[in-house]
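This report describes a single protein chain for a reader who is new to structural models. Please look over the sequence and the model before reading on.

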Amino acid sequence: MTPVPAEAAKSINDAAEGRCDLNYFGGGPMEEGASNNSEGKYEKSGVLKSEYPYRRELFYKTLLEVLNPKIVAYLERLYQVEELLSLSGIISVGENQLHHVIRMLEMAASIPDSVLEVLKITGEELIAGVIFHDVGKGKEVDDRIFEASLVQKSRAPAYLRHYPGMNWAEWTVPFHNHIGESHQTAKKYHCSQKVLEAVALHHHVKIRPRTMNLIGDALNISKIVRLDIFHYKPAQYAAPGSNLAQVIAILDQMCAIEKKWFSGVFRAGTWNRSRSNMRWFVIW
Ligand SMILES: [Fe+2]
């Protein structure tokens with residue numbers, strides 16, 4: 001993928017490689033009178049080590065220990081979409097929703113360009129689809145507020161019904177409310193029509209075997225997980241849609257599967273070939 005040139009990426013790369021230009025990070029000369037450096041509290045330039053430039057370098061180094069470095073080039077894109085930050089305050093089915101987007105971004109950034117070319121998707125489109133697909137999520141799906149008795153069947157909002165299949169698609173509120181909101185936010189940020197369609201269809205697009213296998217090979221997804229994704233909720237994942245929409249849907253499902261994997265559900269021995277047992281997790 002073509003990386004997005006970004007000051008943030010430079011900062012993190014510098015931190016990762018042990019370079020840290022204190023002036024770049026906003027460091028300045030030590031205040032007059034702050035001369036006691038006997039305990040190593042100050043850098044040569046006079047910046048207090050506990051102050052911002054050092055904390056920022058440490059912050060980036062720490063981030064790189066828990067993030068796939070491949071997403072570094074896209075962090076600035078995340079920063080540009082201010083609505084994304086609110087996802088950090090939403091816990092849905094036990095998962096922080098900003099973390100969900102970051103994890104999807106890690107997977108997306110791992111797909112080789114050659115695979116994207118076969119699917120006729122650009123890296124920029126894929127990253128935009130990931131960034132915006134859930135950006136409209138709000139408190140209605142937060143575990144601490146969610147009210148099961150309010151769940152009901154509904155219809156897609158009128159402004160989405162021109163997308164293929166969306167005038168008859170299974171639509172459940174409040175789970176699917178965010179699709180409309182995410183679509184409107186993506187539109188506000190002037191996303192392409194292809195990205196808007198992917199956002200609109202990411203819970204309803206029919207995943208084709210060719211797309212599943214290309215992404216499955218690229219991300220080393222096991223056969224049983226591919227089958228599980230491919231057959232999940234056939235009545236809901238039924239709308240015809242682009243390769244981009246399908247890839248976003250696949251990555252979204254992969255995150256849900258992975259979340260349960262790390263939560264220990266598989267290790268507890270519930271993983272088997274029975275459909276009823278395989279689908280204990282929820283994908284909204
Ligand atoms: Fe979603």
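## Confidence in the model

For the chain, mean pLDDT is 81, and 72% of the residues reach 70 or more.

The model is predicted, so local features need pLDDT of at least 70 and side-chain atom pairs count only at pLDDT 80 or more, while totals for chains, interfaces and linings use all residues. Residues are numbered from 1 along each chain as its sequence is written.

## Overall make-up

The chain has 13 helices and four strands. Helices (H or I, at least four residues) and strands (E, at least two) are DSSP runs, numbered from the N terminus. Of the 284 residues in the chain, 35% are buried. A residue is buried if 20 or more other C-beta atoms lie within 10 Å of its own, exposed if 12 or fewer, and partly exposed in between, with C-beta atoms placed from the backbone. Among contacts between residues at least 6 apart in sequence, 76% join residues at least 24 apart.

## Helices H4 and H6

Helix H4 (residues 97–109) and helix H6 (residues 123–133) have axes that come within 9 Å and cross at roughly 165 degrees. This makes H4 roughly antiparallel to H6. Axes are lines fitted to C-alpha atoms, for helices over the stretch in contact, and angles run from 0 to 180 degrees between N-to-C directions. Angles under 35 degrees count as roughly parallel, over 145 as roughly antiparallel, 65 to 115 as roughly perpendicular and the rest as oblique. H4 passes H6 in a right-handed crossing; a crossing is right-handed if the near helix is turned clockwise from the far one by less than a right angle, and left-handed if anticlockwise. From H4, the contact is made by Val101, Met104, Leu105 and Ala108, and from H6 by Leu126, Ile127, Val130 and Ile131. These residues divide into eight nonpolar, no polar and no charged. Ala, Val, Leu, Ile, Met, Phe, Trp, Tyr, Cys and Pro count as nonpolar, Asp, Glu, Lys and Arg as charged, and the others, Gly among them, as polar.

Ile131 belongs to H6. Ile131 is buried, because 27 other C-beta atoms lie within 10 Å. Beyond its neighbours within four places in sequence, Ile131 is in contact with Arg77, Leu78, Val81, Leu84 and Val101. The C-alpha atoms of Ile131 and Met104 are separated by 8.7 Å, and the two residues are 27 apart along the chain.

## Helices H6 and H8

The axes of H6 and H8 come within 9 Å and cross at roughly 40 degrees. The two helices are therefore oblique to each other. H6 passes H8 in a right-handed crossing. Glu125, Ala128, Gly129, Phe132 and His133 of H6 make the contact with Lys194, Val195, Ala198 and Val199 of H8. By class, this contact has five nonpolar, two polar and two charged residues.

Seven of the nine residues of H8 (residues 193–201) are buried, so H8 is largely enclosed by the rest of the structure. The buried residues of H8 are Val195, Leu196, Glu197, Ala198, Val199, Ala200 and Leu201.

## Helices H9 and H10

Helix H9 (residues 209–218) and helix H10 (residues 223–230) pack at an angle of about 145 degrees, with axes 11 Å apart. Their crossing is right-handed. Pro209, Met212 and Gly216 in H9 meet Arg226, Ile229 and Phe230 in H10. The contact has four nonpolar, one polar and one charged residues. In H9, Thr211, Met212, Leu214, Ile215 and Gly216 are buried.

## Backbone details

Most residues other than glycine have a negative phi, and most peptide bonds are trans. Val173 and Pro174 are joined by a cis peptide bond, with omega about 5 degrees. Pro174 is in the loop between strand E4 (171–173) and helix H7 (177–188).

His190, in the loop between H7 and H8, has a positive phi near 60 degrees. His190 is exposed, with 8 other C-beta atoms within 10 Å. Just after H9, Asn220 takes a positive phi of about 55 degrees.

Definitions and conventions. pLDDT = per-residue confidence, 0-100. Contact = placed C-beta atoms within 7 Å.
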